[in-house]
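Visitor: I have a structure open here and some quick questions about it. Can you walk me through a few spots?
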Amino acid sequence: MRTDKYPIIIQQDKTILLDVHHPRYEEARDAIARFSELERAPEHIHTYRITPISLWNAAAQGLGADDVKIDLGRFSRHGIPKNLLADIDSSIDRYGKIRLERSPRADRLFLRFEDPYLESEVVHLEPFSRWMRALDEPGLYAIPTSARGELKWELIKLGYPVEDVAGYAAGVPLEISLRQTTLEGKRFSLRDYQREAVEIFHRSGSDEGGHGVIVLPCGAGKTIVGLGVMAAVGARTLVVATGTVAVHQWIREILDKTKLEPDQVGEYTGDRKQIRPITVTTYQVLTQRKTKVDPFQHLEALGKEPWGLVIYDEVHLLPAPVFRFTAGIQSVRRLGLTATLVREDHREADVFGLVGPKKFDVPWKVLEKREFIAEAQCFEIRTGLDESVRERYHLAERRAKFRIASENPAKMAVLESILEEHAADHILIIGQYVGQLRQIARDLGVPVISGATPSHRRDQLFEEFRTGRQRILVVSRVANFAIDLPQANVGIQVSGTFGSRQEEAQRLGRLLRPKDRVSVFYTLVSRDTVEQDFALLRQRFLAEQGYRYLIEDRDP
């Protein structure tokens with residue numbers, strides 16, 4: 001049995017076990033990460049899984065089935081299971097079987113089938129039969145340009161990702177240059193991995209580039225990658241962010257790190273409706289309408305603009321109406337930015353089909369080792385149910401049990417003990433339930449930020465936190481995403497959204513801006529309740545990235 005030279009074991013269920021302590025660990029990790037997804041990353045053995053989407057991502061980067069098999073064979077102790085060999089052939093073979101190509105006419109594109117059997121399977125199905133008109137060349141069809149996104153969406157549901165090389169509209173040109181010195185006089189340039197991400201996405205402006213997703217940890221500079229792509233594309237750009245505070249943050253970064261003038265950058269939110277060469281809006285604004293049957297007026301207005309690039313910040317949050325918007329603007333270059341492609345609704349394939357394949361990612365712990373993001377320690381602090389709510393908890397149905405456990409009053413004493421241990425730190429107290437957060441804020445005499453807090457007040461409080469005038473903030477879910485608070489080094493999570501892995505990662509991400517000390521992330525959990533079960537689910541993604549939760553019992 002060959003064991004000493006080979007760092008991976010491939011299992012029948014398509015998972016790959018990678019020995020972290022093997023001398024060839026890094027070589028193997030870099031190879032298999034191109035065509036598999038990291039699932040778990042505890043201390044000694046990392047688990048990767050090969051999926052259709054991970055293989056399609058590999059194919060989109062030019063890897064063939066033989067490339068995948070060769071890499072697996074170079075590192076596997078016991079060979080490759082036959083069922084996996086067949087799946088690799090089948091999945092990678094599907095990518096490129098259907099291609100979208102340019103047509104001389106602006107109102108149509110060519111759809112090309114490489115496989116006559118697949119062609120016969122698809123052409124008679126609705127809605128494809130409505131869109132496709134056979135041409136004289138075998139396997140070639142004309143489709144309306146307007147059907148480009150819907151067709152890709154429908155085909156990926158059948159398990160056939162379309163290779164889209166139909167090109168892009170240039171949009172209105174716009175010269176965008178990055179500064180070498182920020183407005184505050186600090187030196188600025190893209191880090192090596194940020195520059196690589198931009199180059200891989202843009203592909204020198206070719207039709208093979210221009211659509212896809214960049215995955216980087218929170219604090220690793222996804223916004224900077226976005227600015228780099230804007231400069232490379234050089235056209236009018238629409239940025240879609242998670243909320244008004246994130247919009248303001250994008251605008252600050254654009255003005256601070258590019259040579260664009262303030263009158264070239266617009267805010268399209270509930271407060272302002274500015275459409276400018278660079279326009280920053282929110283998912284919420286795009287999906288606003290008066291009634292369920294009325295059109296999405298802002299989405300339609302912005303969709304008519306001659307953009308050359310659309311950037312989706314936190315692309316894993318794309319709501320269904322924005323999928324439709326994205327389906328309708330396939331002629332525009334599209335960049336998705338995210339820390340994790342995990343979606344609790346399992347619609348990752350929609351992101352792949354309409355925004356594009358994953359083009360670049362870097363494991364969290366790799367950037368931590370290089371000191372591009374902060375080192376962090378995670379603790380789960382368990383405390384018993386307060387006597388005043390124990391009976392109510394046991395009599396409640398399961399969903400109500402979760403909220404009762406989350407709002408356990410006994411957490412307050414634990415919270416205060418943690419605050420005493422971090423008397424000189426910058427602390428975010430984060431939770432799901434606004435009533436609980438308001439009570440905590442009153443008891444501590446500190447501000448609270450929730451969805452009801454006006455955007456100007458949020459900006460003011462976040463700025464006070466950045467400058468040190470406010471050391472503790474209580475924040476709701478509005479602070480989960482795209483909030484830049486580099487001073488924050490302690491996070492205390494008092495409640496969360498059931499088992500959301502995505503939310504857990506984003507909350508830890510608030511603490512990962514580089515700093516000269518270790519950040520600490522606490523989660524307060526009611527012991528022996530459904531909250532403890534959900535906490536385990538929430539922690540899965542971070543455990544997969546190599547973070548360990550130290551469990552501690554602490555009662556008032």
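Visitor: Which residue in β22 is the bridge partner of Q493?
Guide: T523 is that partner in β22. Keep in mind that this is a predicted model.

Visitor: How do β21 and β22 pair, and over how many bridges?
Guide: They pair in the parallel sense, over four bridges. Strand β22 covers residues 519-526.

Visitor: What about β18 and β21, how many bridges there?
Guide: Four bridges join them, and the two strands run parallel. Strand β18 is residues 427-430. I430 has Q493 in β21 as its bridge partner.

Visitor: Which way do the residues of β21 point?
Guide: V490 and I492 point one way, G491 and Q493 the other. In a regular strand, side chains alternate between the two faces of the sheet.

Visitor: Are those four buried or exposed?
Guide: All are buried.

Visitor: New topic. Where does D207 sit?
Guide: D207 is in the loop between α8 (192-202) and β10 (211-215).

Visitor: Which residues is D207 in contact with, leaving aside neighbours within four places in sequence?
Guide: R102, D164, V165, G167 and Y168. With R102 there is a polar contact, side chain to side chain, at 3.1 Å.

Visitor: And how far is D207 from D87, C-alpha to C-alpha?
Guide: They are separated by 28 Å. Along the chain they are 120 residues apart.

Visitor: What about S103, buried or exposed?
Guide: S103 is buried, because its relative accessible area is 14% and the cut-off is under 20%. S103 lies in the loop between β5 and β6 (108-113).

Visitor: Which side chain does the S103 side chain make a polar contact with?
Guide: That of R108, at 3.3 Å. Beyond its neighbours within four places in sequence, S103 is in contact with R108, L109 and F110.

Visitor: You mentioned β5. What is the strand order in the open sheet of five strands?
Guide: The order is β7-β8-β6-β5-β9, with mixed pairing. The edge strands are β7 (133-134) and β9 (163-164), and each pairs on one side only.

Visitor: How do β5 and β9 pair?
Guide: In the parallel sense, over two bridges. Strand β5 is residues 98-101. R99 has E163 in β9 as its bridge partner.

Visitor: What is the phi of G62, which follows α2?
Guide: The phi of G62 is positive, near 100°.

Visitor: Which elements give two or more residues to its lining?
Guide: α9 (222-233), α10 (244-257) and α20 (455-467). The largest share comes from α10, with eight residues.

Visitor: How many residues line that largest pocket, and which lie nearest its centre?
Guide: There are 38 lining residues. Nearest the centre are E253, K257, D484, P486 and R513.

Visitor: How does the lining divide into nonpolar, polar and charged?
Guide: It has 13 nonpolar, nine polar and 16 charged residues.

How values were computed: Residues numbered from 1 in each chain as written. Predicted model: local features only at pLDDT ≥ 70, side-chain atom pairs only at ≥ 80, totals over all residues. Heavy atoms only, no water. Contact = heavy atoms within 4.5 Å. Polar contact = N/O pair within 3.5 Å; in protein donor to acceptor, adjacent residues only side chain to side chain. Pairing = 2+ DSSP bridges. 1 Å grid on protein atoms, 1.4 Å probe; cavity = no way out; pocket = protein on both sides within 12 Å on 5 of 7 lines; lining within 4 Å. Nonpolar A, V, L, I, M, F, W, Y, C, P; charged D, E, K, R; others polar. Buried < 20%, exposed > 50% of the residue type's maximum accessible area, 1.4 Å probe, protein only.
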